[in-house]
Amino acid sequence: ESVLDGTPYPQTLLQLCMRRIRAERHVTHIRAAILKACLNRFKRFHKTNTQEVTVSLDRTNPDIGYRIGRLFAVLEKIQEEAQPGINATIRDRYYGAASSNPVTVYPQLLKLKNHHLAKLHPGRKTNMEKEIGEIMDGISTFPAHLALNDQAQFAIGYYHQRQDFFTSKKTEE
């Protein structure tokens, strides 16, 4: 009905998708697309002044959920590079809490980050610190709780940042 009428998708679709992501701690391409469709349709229908979710990584997106999701992806990447072949990453241990109650998890994750950065090559360490600095520039404080739409933004930000790690970077002359 939503597709035919152009109305927002049901909130239950968003809730079920978020529940599946939290249960499996994995954001797939399809799930990210569902979240993006739900959020963008809601924004278009209600004519909110907020920015729509883009197809790929948006470094200018000011949404707190999106930025915190990106930060989580960067912290996970740092851990993976510092400890290759690790059995359980921060995603396995902290994804649910980081996406719903960030203030309880991020102080611990940022402490762990310093330990992991010390194990990286100096050039890679600098690149990761720049990435974290760019993301943290838009975060003044970590919220105590994220609403469902912000949790969806978290998942999309996490997915976009993870995908950006796997795209080839072209050097500018």
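1. Leu 109 is buried, with a relative accessible area of 2%. Buried here means under 20% relative accessible area, exposed means over 50%, and partly exposed is in between (1.4 Å probe, protein chains only). Leu 109 is found in helix α6. Helices (H or I, at least four residues) are DSSP runs, numbered from the N terminus. Not counting residues up to four places away in sequence, Leu 109 touches Phe 72, Leu 75, Ile 90 and Tyr 94. Contact means heavy atoms within 4.5 Å. Gly 6 is 103 residues apart from Leu 109 along the chain, and 41 Å separates their C-alpha atoms.

2. A note on the source. This is a predicted model: local features need pLDDT of at least 70, side-chain atom pairs count only at pLDDT 80 or more, and totals for chains, interfaces and linings use all residues. Residues are numbered from 1 along each chain as its sequence is written, and side-chain values use heavy atoms, with hydrogens and water left out.

3. Next, the charged pairs. A search of the whole structure finds 13 salt bridges. The criterion is a side-chain nitrogen of Lys or Arg within 4 Å of a carboxyl oxygen of Asp or Glu. One of them joins the side chains of Arg 31 and Glu 24, at 2.8 Å, N to O. Arg 31 has 14% relative accessibility and counts as buried. Glu 24, at 41%, counts as partly exposed.

4. Glu 76 deserves a look. Its side chain meets that of Arg 91 in a salt bridge, at 3.8 Å, N to O. Glu 76 lies in helix α4 (residues 64-82) and Arg 91 in helix α5 (residues 90-100), so the pair ties together parts that are 15 residues apart in sequence. Glu 76 is buried, with a relative accessible area of 0%. Arg 91 is partly exposed, at 21%.

5. Which residue, besides Arg 91, meets Glu 76 in a salt bridge? Arg 162 does, at 3.6 Å, N to O. Arg 162 lies in helix α8 (residues 148-165) and Glu 76 in helix α4, so this pair ties together parts that are 86 residues apart in sequence. Both Arg 162 and Glu 76 are buried.

6. There is also a salt-bridge network. It links Arg 59, Arg 70, Glu 131, Glu 134 and Asp 164.

7. Now the rings. The whole structure holds 6 aromatic pairs. Tyr 95 and Tyr 158 form an edge-to-face pair, 5.8 Å centre to centre with 75° between the planes. Tyr 95 lies in helix α5 and Tyr 158 in helix α8, so the pair ties together parts that are 63 residues apart in sequence. Tyr 95 is buried at 1% relative accessible area, and Tyr 158 is buried at 4%.

8. Tyr 106 and Phe 142 form a stacked pair: 4.8 Å centre to centre, 5° between the planes. The pair links distant parts of the chain, 36 residues apart, with Tyr 106 in helix α6 (residues 102-117) and Phe 142 in the loop between α7 (122-136) and α8. Tyr 106 counts as buried at 0% relative accessibility. Phe 142 counts as buried at 18%. For reference, rings of Phe, Tyr and Trp (its six-membered ring) pair if their centres lie within 6.5 Å; planes under 30 degrees apart count as stacked, over 60 as edge-to-face and the rest as tilted.

9. Finally, a ring cluster. Ring pairs link Phe 72, Tyr 95, Phe 154 and Tyr 158. Phe 72 is also one of the residues that Leu 109 touches.

Key
Helices (H or I, at least four residues) and strands (E, at least two) are DSSP runs, numbered from the N terminus.
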